[in-house]
Amino acid sequence: MGIRWIDKSLVKIIQDMSKDCHFNERQWLSKDEHPLNTIHIICSGNVDWKLFYGQLCRLSDNFKSIHIALGYVDTTLAETGFPEGAATTIFIGDHESQGHFLKISDQSQCVVSPFISQGHINLGYQRQHNSGRLSQKSDISLGHLINNIKVAEPTLREVNSLFFDLAAIRRSDTGLPDGFLTGLNIYEACKIARYAGFAHNLGLYHINLNNATASQPFEAAALLSWYFIEGFVSNIEESAVDPSNNVFYINSHYLEKPITFVEGHKSGRWWIQDPYNDQAYIPCTRNDYEQMRKGHIPDRYLSLIID
């Protein structure tokens, strides 16, 4: 995969496409200006990169602590792969590129899609589109997400790659011709993107445009990119074993020993101690803790003790 990086002069042309462009040209990097604290945004060769970057340019610049490098896949160039030293890479692609990256990566992968992807963590899947496909304990259905979007945050906290299919968002919010009536709304989708930005180990964030050509799907993809970056720059580094955290012990008639919950002192995020390893902590939500206080064993804990 050869990547052609967009220099500042060309980005200036893109900025002129929109009178209300708010991104600061200071952030766009030229070919040889990629420091470690850089997010790379790359468009597939099948994607109208000018349309995408034009939509991204319309959004406000709140990212003073990072740099952004823009590029697109050029099949006429020699294969270079992803640049080294990237904080993470946002890849704007389609079904073909999504399938490619899912195959070559063997790390923890999460897929936001109406369809279940076997062997990966699935968010927002819809039962009516998955006849014969079995969900896993780690999967979260569309109904569960809509009921409480915060359940996505612990799942996303430790993944290495996220694949967001625009078809997971309802058609009225994306304008996808082949989209569905049901799905996440754009606000819920942006919250998921922001949660993904909090993930410490996430190296690839792939957005599947489903071969869209109209402006509305590109606007949705730009929003999902923007909220991911906002989460990335707002992330707080912390550990479940930080001595300043709040620790809670809950007894249960069903369990031999107390369950340990930890609330992060800095971010307010929650963990639950692994019942088989006192040194390991699993991301969870405050609601898991509240359920345990009421005498209900949360599903997240049951998945740890039941094969």
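Reader: In which loop is the place of P243?

Author: The model is a predicted one. P243 is exposed, with a relative accessible area of 81%. Its C-alpha atom and that of G264, 21 residues apart along the chain, are separated by 9.8 Å. As for its place, P243 is in the loop between α8 and β10 (246-250).

Reader: How many helices and strands are there in the protein?

Author: Buried residues account for 51% of the 307 residues in the protein. The secondary structure of the protein comes to 10 helices and 13 strands.

Reader: Among contacts between residues at least 6 apart in sequence, what percentage join residues at least 24 apart?

Author: The contacts counted here are those between residues at least 6 apart in sequence.

Reader: How is α2 placed relative to α8: roughly parallel, roughly perpendicular or oblique?

Author: Two packed helices are described by the angle between their axes and the distance between the axes. Helix α2 (residues 49-57) packs on helix α8 (residues 215-234) at about 55 degrees, and their axes are 8 Å apart. Roughly parallel needs an angle under 35 degrees and roughly perpendicular one of 65 to 115. The angle therefore makes α2, relative to α8, oblique.

Reader: Which residues of α8 meet α2?

Author: The α2 side of the contact consists of L51, F52, Q55 and L56. By class, the residues of the contact of α2 with α8 are 6 nonpolar, 3 polar and 1 charged. The crossing of these two helices is right-handed. On the α8 side, the residues are S215, F218, E219, A221, A222 and S225.

Reader: Which residues of α2 are buried?

Author: Helix α2 is mostly covered, with 7 of its 9 residues buried. Among the α2 residues that meet α8 are F52, Q55 and L56, and these three are also on the buried list. The buried residues of α2 are W49, F52, Y53, G54, Q55, L56 and C57.

Reader: At what angle do the axes of α7 and α8 cross?

Author: Helix α7 (residues 186-198) passes α8 in a right-handed crossing. The axes of α7 and α8 come within 7 Å. Their crossing angle is roughly 40 degrees.

Reader: How many nonpolar, polar and charged residues does the contact of α7 with α8 have?

Author: From α7, the contact takes I186, A189, C190, A193, R194, A196, G197 and F198. From α8, the contact takes A220, L223, L224, Y227, F228, E230, G231, F232 and S234. Sorted by class, the contact has 12 nonpolar, 3 polar and 2 charged residues.

Reader: Is N211 buried or exposed?

Author: N211 has its place in the loop between β9 and α8, and N210 is also in that loop. Phi of N210 is near 55 degrees, and phi of N211 is near 60 degrees. Each is a positive value in a residue other than glycine. The relative accessibility of N211 is 53%, and over 50% is the cut-off, so N211 counts as exposed.

Reader: Is D74 buried or exposed?

Author: D74 lies in the loop between β3 (67-73) and β4 (88-93). Leaving aside neighbours within four places in sequence, D74 is in contact with G2 and R4. Its relative accessibility is 12%, and the cut-off is under 20%, so D74 counts as buried.

Reader: Leaving aside its neighbours within four places in sequence, which residues is K150 in contact with?

Author: K150 is in the loop between α4 (142-147) and α5 (152-157), and is exposed, with a relative accessible area of 54%. The C-alpha atoms of K150 and R286, 136 residues apart along the chain, are separated by 9.5 Å. Once those neighbours are set aside, the contacts of K150 are Y195 and T285.

Reader: What separates the C-alpha atoms of H296 and S252?

Author: H296 is found in the loop between α9 (286-293) and α10 (299-305). With a relative accessible area of 45%, H296 is partly exposed. H296 and S252 are 44 residues apart along the chain, and their C-alpha atoms are separated by 8.7 Å.

Methods
Residues numbered from 1 in each chain as written. Predicted model: local features only at pLDDT ≥ 70, side-chain atom pairs only at ≥ 80, totals over all residues. Heavy atoms only, no water. Axes fitted to C-alpha atoms, helices over the stretch in contact; angles between N-to-C directions. Helix = DSSP H or I, 4+ residues; strand = E, 2+ residues; numbered from the N terminus. Parallel < 35°, antiparallel > 145°, perpendicular 65-115°, else oblique. Left-handed = near helix turned anticlockwise from the far one by under 90°. Contact = heavy atoms within 4.5 Å. Nonpolar A, V, L, I, M, F, W, Y, C, P; charged D, E, K, R; others polar. Buried < 20%, exposed > 50% of the residue type's maximum accessible area, 1.4 Å probe, protein only.
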